[in-house]
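Please find below my notes on the model you sent. They are set out as numbered points, to be read beside the coordinates.

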Amino acid sequence: MTSQAVLCVASAQFSTQVFRSLRAGQDIVDLGAGRDGSPNGATALFASRVDRSTAVDVFPRPEGLPRNVDWYHGRIEDWFQEQVCFPAERPDAFILRNVLHFLERRWVLDALLPWLAETLAPGGIIAISTFHRHPDPALPSPWPALYRLA
């Protein structure tokens with residue numbers, strides 16, 4: 001598998017870059033949608049561009065999200081376990097905005113990221129934006145990027 005990276009330095013740029021890469025007919029997964037799942041947030045923005053969006057977060061589903069957003073209220077690790085046991089369709093995009101630093105580092109590197117790459121539909125994207133958290137970040141430095149896996 002080869003990948004291309006388009007680096008984005010600010011979260012506004014990240015969301016814009018992800019939005020531009022989404023197309024009608026796609027199925028996406030927004031891991032760690034968070035409080036930004038509001039009707040005016042990035043989750044709704046991404047969902048407006050695609051046919052189906054699954055949002056995963058520990059926060060309850062915000063009011064007013066588009067109907068094409070399926071909200072999984074729970075931890076990413078629990079959602080992941082369900083997906084591994086009962087795989088669904090292959091998403092065209094996985095979006096992780098400011099969430100990796102809250103997850104256990106070894107699990108992210110050894111389980112989550114490899115599974116995302118294997119599960120992704122051909123030509124899909126894994127979009128990751130995170131920031132460095134002390135003392136033990138999931139990644140060694142900020143990692144805002146958009147990767148297209150071939």
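**Notes on the packing and the strand order**

1. The largest nonpolar core has 21 residues, and those with the most contacts inside it are L31, W79, F94, L96, L112 and L116. Such a core is a set of buried Ala, Val, Leu, Ile, Met, Phe, Trp, Tyr and Cys residues joined through side-chain atoms within 4.5 Å. Buried means under 20% relative accessible area, exposed over 50%, and partly exposed in between (1.4 Å probe, protein chains only). At least two residues of this core come from each of β2 (27-31), α3 (76-85), β5 (93-97), α4 (105-119) and β6 (125-129). The largest share, six residues, is supplied by α4. Apart from this core lies another, of 11 residues, including V18, L22, F46 and V50. In soluble globular proteins, nonpolar side chains tend to be buried together.

2. On provenance: this is a predicted model, in which local features need pLDDT of at least 70 and side-chain atom pairs count only at pLDDT 80 or more, while totals for chains, interfaces and linings use all residues. Residues are numbered from 1 along each chain as its sequence is written, and side-chain values use heavy atoms, with hydrogens and water left out.

3. The chain has four helices and seven strands, and from the N terminus on its elements run β-α-β-α-β-β-α-β-α-β-β. Helices (H or I, at least four residues) and strands (E, at least two) are DSSP runs, numbered from the N terminus. Of the 150 residues in the chain, 48% are buried. Among contacts (heavy atoms within 4.5 Å) between residues at least 6 apart in sequence, 65% join residues at least 24 apart. The accessible surface of the chain comes to about 8000 Å², of which 54% belongs to carbon and sulfur atoms; accessible areas come from the Shrake-Rupley method with a 1.4 Å probe, and for residues only the protein chains shown count as cover.

4. Which residues does L116 touch, not counting residues up to four places away in sequence? They are L31, F94, L96 and I126. L116 lies in helix α4 and counts as buried because its relative accessible area is 0%. The C-alpha atoms of L116 and I126 are separated by 7.6 Å, the two residues being 10 apart along the chain.

5. Strand β5 is mostly covered, with five of its five residues buried. A93, I95 and R97 point one way from β5, and F94 and L96 point the other way. β5 runs parallel to β2, to which four bridges join it, and also parallel to β6, with five bridges. Two strands pair if DSSP finds at least two bridges between them. I95 is the bridge partner of D30 in β5, and A127 is the bridge partner of I95 in β6.

6. A right-handed β-α-β unit is made by β5, α4 and β6. Right-handed here means that, with the strands pointing away from the viewer, the path from the first strand over the helix to the second runs clockwise.

7. Please also look at T43, which is found in helix α2 (residues 42-47). T43 counts as buried because its relative accessibility is 0%. The side chain of T43 makes a polar contact with the side chain of D30 at 2.7 Å. A polar contact is a pair of N or O atoms within 3.5 Å; within protein, one must be able to donate a hydrogen and the other to accept it, and residues adjacent in sequence count only if both atoms are side-chain atoms.
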